[in-house]
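Please look over the sequence and the model shown below, and then follow the points by topic.

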Amino acid sequence: MLLGIASDHAGFEMKEALKKYLASQGYEVKDFGTHSPESMDYPDVAHPLAESVEKGGVDLGIALCGSGNGISMTLNKHQGVRAALCWNEELAALARQHNDANILSLPARFISVDLAEKIVRKFLDSSFEGGRHQRRVEKIPCR
């Protein structure tokens, strides 16, 4: 599975730690930036990640910013993206199971790297249940 990952400056250190963790778990990771802790604007990395998810360039995405909100808002402007802001394992599982989330958004300033790894693991180990959730997910895009 090829995963895309992106962060702003606030999430840079956690992104780098997650890349190592994911590689140790056998995942291939495409890094959309940022590539330093220097201040930058999260939309500059969010849009390329979202486009790659939409076009199938990566299977799933992981995005980080300070609160997780700004990058999530940007990602969700893309019709083919369902980015979910998760700060615990249960939310990550439900985002995949009930919402077919294809990008996990993490609040880098509010969780530890250890917790982020657990959330990522749960997100990746969960899958969409379909059924009654399918019709809801189909209603998400603007018509």
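This is a predicted model: local features need pLDDT of at least 70, side-chain atom pairs count only at pLDDT 80 or more; totals for chains, interfaces and linings use all residues.

Which residue stands opposite Ile103 in β5? The residue opposite Ile103 is Ala83.

**Strand β5 and its partners**

- Strand β4, residues 83–85, pairs with β5 in the parallel sense, over three bridges.

**Helix α1**

- Helix α1 covers residues 12–24, which makes 13 residues.
- From its first C-alpha to its last, α1 reaches 19 Å, close to the 18 Å expected at 1.5 Å a residue.
- Its buried residues are Phe12, Met14, Lys15, Leu18, Tyr21 and Leu22.
- An α-helix has 3.6 residues a turn, so residues three or four places apart point the same way.
- The strands against which the buried residues of α1 pack include β1 (2–7), β2 (28–31), β3 (60–65) and β5 (103–107).
- These buried residues also pack against a helix, α5 (113–125).
- After α1 comes Gly26, which has a positive phi, near 90°.

**Nonpolar cores**

- In soluble globular proteins, nonpolar side chains tend to be buried together.
- The largest nonpolar core of this model has 24 residues.
- Among the residues with the most contacts inside this core are Leu18, Leu22, Ile62 and Leu64, together with Leu106, Val120 and Leu124.
- Two or more residues of this core come from each of β1, α1, β3, α4, β5 and α5.
- Helix α5 gives the largest share, five residues.
- Apart from this core lies another, of 16 residues, which includes Leu49, Val58, Ala63 and Val81.

**Salt bridges**

- Eight salt bridges are found in a search of the whole structure.
- In one of them, Asp114 meets Lys118, with the closest N and O atoms 3.3 Å apart.
- Asp114 and Lys118 are four residues apart in helix α5, so about one helical turn separates them.
- Both partners are partly exposed: Asp114 has a relative accessible area of 45%, and Lys118 has one of 39%.
- The side chains of Arg121 and Asp125 also form a salt bridge, at 2.9 Å from N to O.
- Arg121 and Asp125 likewise lie four residues apart in helix α5, separated by about one helical turn.
- Asp125 counts as exposed because its relative accessibility is 53%, where the cut-off for exposed is over 50%.
- Salt bridges that share partners join Lys15, Glu16, Lys19 and Asp31 into one network.
- A further salt bridge links the side chains of Arg96 and Asp100, at 3.7 Å from N to O.
- Arg96 counts as buried, at 12% relative accessibility, whereas Asp100 is partly exposed, at 21%.

**Tyr42 in its loop**

- Tyr42 lies in the loop between β2 and α2 (43–55).
- Tyr42 is partly exposed, and its relative accessible area is 30%.
- With neighbours within four places in sequence left aside, Tyr42 is in contact with Asp8, Gly70, Ile71 and Thr74.
- Tyr42 and Leu64 are 22 residues apart along the chain, and 8.7 Å separates their C-alpha atoms.

How values were computed: Residues are numbered from 1 along each chain as its sequence is written. Side-chain values use heavy atoms; hydrogens and water are left out. The expected span of a helix is 1.5 Å times one less than its number of residues. Buried means under 20% relative accessible area, exposed over 50%, partly exposed in between (1.4 Å probe, protein chains only). Contact means heavy atoms within 4.5 Å. A salt bridge is a side-chain nitrogen of Lys or Arg within 4 Å of a carboxyl oxygen of Asp or Glu. Two strands pair if DSSP finds at least two bridges between them. A nonpolar core is a set of buried Ala, Val, Leu, Ile, Met, Phe, Trp, Tyr and Cys residues joined through side-chain atoms within 4.5 Å.
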